[in-house]
Amino acid sequence: MKVVGVLLRIEWLKTVKRRAFWVAVGAFAVFTAIPAVEGVRGARRNPNLSYALPESWPDILGAATGIGPFFAGVLMILLVAPEFTWRTARQNVIDGLSKERFYAGKVMLLAGLVLLFIATAVLIGVGGTLLSPSEGGLGILRPTDLSYMGGLALSLLLVGSAGLMLSVLIRSSGPALGILFLYLIVEEAIIGLISQAGGALRRSAEYFPFNILDQLGDDLAHYPEVLADVNAKRTERGLESWEFLDVEVLAVAALAYSAIFLGAAFLSMRQRDL
Amino acid sequence: MHAIQLFDLTKRYGTSTAKSVLAVDRISFAVEEGQVFGFLGPNGSGKTTTIGMLVGTIKPTGGRFTLLGASGPKGLMAARARVGATLETPNFYPHMSGRDNLLVAAAVKGVGRPRIEECLELVGLSDRAKHRFKTYSLGMKQRLALAATMLNDPELIILDEPANGLDPQGIREIREIIRILADRGKTIFLSSHLLAEVERTCSHFAIIRQGRIVAWGAVAEVVGEGSAVLLRAEDTEALAGAMQTYPEATSVRRTDEGIVATLEADDLASVTRYLAGQGIYLSHLAPYRPSLEEVFIDVTQGAVDSMTEIAS
């Protein structure tokens, strides 16, 4: 446990001095605050527009799932990759941190960012509902809200671990950021090609990392009753129903991708010279 | 007791035979506790790779080594807690102040804040400690690196080119700090290509060339003793030629002062007799004390081109 405390302290000392960290967290807070402010203003103007718990969780978490994962991925790259260009990773190891512990510190940083982003979104959203005149329904948190919050956590973990992997493999923030965004475009293009095909190949596209991310971040995947309503309306209009993978399947896929990304980064960290 | 001991330590970069580079080739030497040891070599000779293996940032591909008597992954990890080291340029977080950088190093080493102030004081950086690292001059960066190595009061200090890029004043300051540390009984392992500095600072040395150790010993033995002689005669060409064929001469080279020959035995009478027999009469014959630079150039011949910086 002492080692965990030491690693957390080291990462804290490094992170709070980075401007990129405060800019990213600040920007994330602003983006998540916009729907909360809109919700409160709307509720004050029009009593029919409610902004209260638990009904407003999809709005509160929706803003965070939209941009949060990319902030997590970019921030991980900005915080980790320069450790290699500045050669401070090497100096940390020379000073007595093993490569494995250096890496463990970065995984703790990722976990810390996931918690921080969720806490920021929840605090801003809940703070907004406290300022709103709307009356909420029964309870504060429903199982479906917890599912959506879990989806946000897994989305942050998925892209954050991809950012950590790219940082450790490429060891330079510019190219790592470039590859992260290039992958988005490439995956989109591949899915576009595959979707013209049929059968198993088409279904496999649903399991691509950023497709998993899209589904995890979509409130309809977590609120089946809302999805049923939406699909009923689409059917009335003669449109195809929307379908999502089960939340359990999405969770397992996101965890599996995160494990692969973190495992690849760990092996690289362990085997390559600094 | 040995502070450092290397046994056939080897590093090969790359796996394919054709493209791989043998950076360090089965080197073996030892550094005793309390020594100030100079590790010399031309650029690209394998100095930094060797130090990288000692400090754990580069994996050896062969051989083994001990640090403060410890070996094996766990033993070396524990031993490194008693070592302070820098590798190549000072490596710090540019946006953080000198003090905050030492705070990170101290957290890694498990050292408290009071020690940070002591080390800043020792290297003369207390006044600039609150300024960002990126605003420091190279000399200040080197001094901050020295402060970081001293945080855990290490028994062994490993410094890679600590005087690199410094002006004479900066070099003098670093030399002074190293002298203070040596006086405190620390073992210092210092890589450098500033030979005059090593000669002034170090008690022992090893020279590495193309990944292999080509000389190793006490500085005093090499530069202060031995049986080298300086000879002058009216015809320097004839003198050099005659000494080349003298059976007791192990090496002969020209210098600005005359011909320097290393003899197997310290028998100057035989030299004069031999040269007189060749019709050469000496105007000057005296024991010669070579500098470390001359020893270096002697043993690294073939790498002389890359030594311009050293010679200058």
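Two strands pair if DSSP finds at least two bridges between them, and strands themselves are DSSP runs of E, at least two residues long, while helices are runs of H or I of at least four, both numbered from the N terminus. This is a predicted model, where local features need pLDDT of at least 70, side-chain atom pairs count only at pLDDT 80 or more, and totals for chains, interfaces and linings use all residues. Residues are numbered from 1 along each chain as its sequence is written, chains are lettered from A in the order in which they are written, and side-chain values use heavy atoms, with hydrogens and water left out.

Let's start with strand S7 of chain B, residues 187–192.

| Strand of chain B | Bridges to S7(B) | Residues opposite |
|---|---|---|
| S3 (residues 36–40) | five | B:Val36 and B:Ile188 |
| S6 (residues 156–160) | five | B:Asp160 and B:Ser191 |

Six of the six residues in S7(B) are buried, meaning under 20% relative accessible area with a 1.4 Å probe, protein chains only. B:Thr187, B:Phe189 and B:Ser191 point one way, and B:Ile188, B:Leu190 and B:Ser192 the other. In a regular strand the side chains alternate between the two faces of the sheet.

Now for the interface. Here 27 residues of chain B are in contact with 26 of chain A, contact being heavy atoms within 4.5 Å. There are five salt bridges between chain B and chain A, each a side-chain nitrogen of Lys or Arg within 4 Å of a carboxyl oxygen of Asp or Glu. One of them joins B:Asp100 to A:Lys17 at 3.1 Å, N to O. H3(B) gives the most to the side of chain B that touches chain A, with seven residues.

How values were computed
Buried < 20%, exposed > 50% of the residue type's maximum accessible area, 1.4 Å probe, protein only.
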